[in-house]
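Subject: Structure handover

Hello,

Here is the structure for you to look over. Please open it alongside the notes below.

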Amino acid sequence: MKGGYEKAFSYRQELLTRPTDSEISFRNILDVYSVQHQFQYIFVYSYKFFILDFVIEKNGIKYVFEIDGSSHDDKQCYDNHRASIIELYGYKLFRFTNNEVINKRKEVVSKLKELKIIEKAEFDPEDWLSE
């Protein structure tokens, strides 16, 4: 029988090899902007006893972005508790729904701009993002 660490590692590997459509979409957004705006991100990051969808560190601030599908519909209490613990470790946690990431990409990009992860530049691929 596997212990907690082995189960978490196995689950993390599964998440890495089978991302959801919304995770792929968010990763595509980050790929488009990361070089120009000088940030790196980690997809499926293990931290303490959590597996985080995306982690970005920019300007000394650590951000966590969780992409929530329908499995989170009845887990709001757990998600809020988890978020408060993650924030105790110095991360700023933000959530997007699958629908936002896939169908409202410009709103997602606007949030990244609001957080100063990306900034307006001469070359801005935002226009390439279809709604």
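The notes below cover the strands, the cores and the salt bridges.

The ground rules come before the findings. This is a predicted model, in which local features need pLDDT of at least 70, side-chain atom pairs count only at pLDDT 80 or more, and totals for chains, interfaces and linings use all residues. Residues are numbered from 1 along each chain as its sequence is written, and side-chain values use heavy atoms, with hydrogens and water left out.

**Strands**

Helices (H or I, at least four residues) and strands (E, at least two) are DSSP runs, numbered from the N terminus. Two strands pair if DSSP finds at least two bridges between them.

Start with strand 2, residues 50-58. Eight of its nine residues are buried, so the rest of the structure largely encloses it. Buried means under 20% relative accessible area, exposed means over 50%, and partly exposed is in between (1.4 Å probe, protein chains only).

Strand 2 pairs with strand 1 (residues 41-47) in the antiparallel sense, over six bridges. Phe43 has Phe54 of strand 2 as its bridge partner. The hairpin of these strands has two residues between them, and Lys48 takes a positive phi near 55° there.

Strand 2 also runs antiparallel to strand 3 (residues 61-68), with five bridges joining them. Lys58 stands opposite Ile61 of strand 3. This hairpin, too, has two residues between the strands. In its turn, Asn59 has a positive phi of about 55°.

**Cores**

A nonpolar core is a set of buried Ala, Val, Leu, Ile, Met, Phe, Trp, Tyr and Cys residues joined through side-chain atoms within 4.5 Å. The largest one has 22 residues. Phe26, Phe65 and Ile117 touch the most other members. Two or more residues each come from helix 2 (21-34), strand 1, strand 2, strand 3, strand 4 (91-97) and helix 5 (105-114). Helix 2 gives the most, with four residues.

Ile117 has contacts (heavy atoms within 4.5 Å) well along the chain. Leaving aside neighbours within four places in sequence, Ile117 is in contact with His37, Phe39, Ile56, Lys58, Tyr63, Phe65 and Leu112. Another core, of 10 residues, lies apart from the largest one. Among its members are Tyr47, Phe50, Ala83 and Ile86.

**Salt bridges**

A salt bridge is a side-chain nitrogen of Lys or Arg within 4 Å of a carboxyl oxygen of Asp or Glu. The whole structure holds four.

Which residues are linked in a network of salt bridges? They are Asp68, Asp79 and Arg95. Asp68 bridges to Arg95, with the closest N and O atoms 2.9 Å apart. Asp68 lies in strand 3 and Arg95 in strand 4, so the pair ties together parts 27 residues apart in sequence. Asp68 is buried at 11% relative accessibility, while Arg95 is partly exposed at 27%.

Arg95 also meets Asp79 in a salt bridge (3.8 Å, N to O). Asp79 sits in helix 3 (residues 76-88), 16 residues from Arg95. Asp79 counts as buried, at 6% relative accessibility. Beyond its neighbours within four places in sequence, Asp68 is in contact with Asp79, Arg95, Phe96, Thr97 and Asn98.

A further salt bridge joins Glu114 and Lys111, at 3.2 Å between the closest N and O atoms. The two are three residues apart in helix 5, so about one helical turn separates them. Glu114 is exposed at 56% relative accessible area, whereas Lys111 is partly exposed at 22%.

Best wishes
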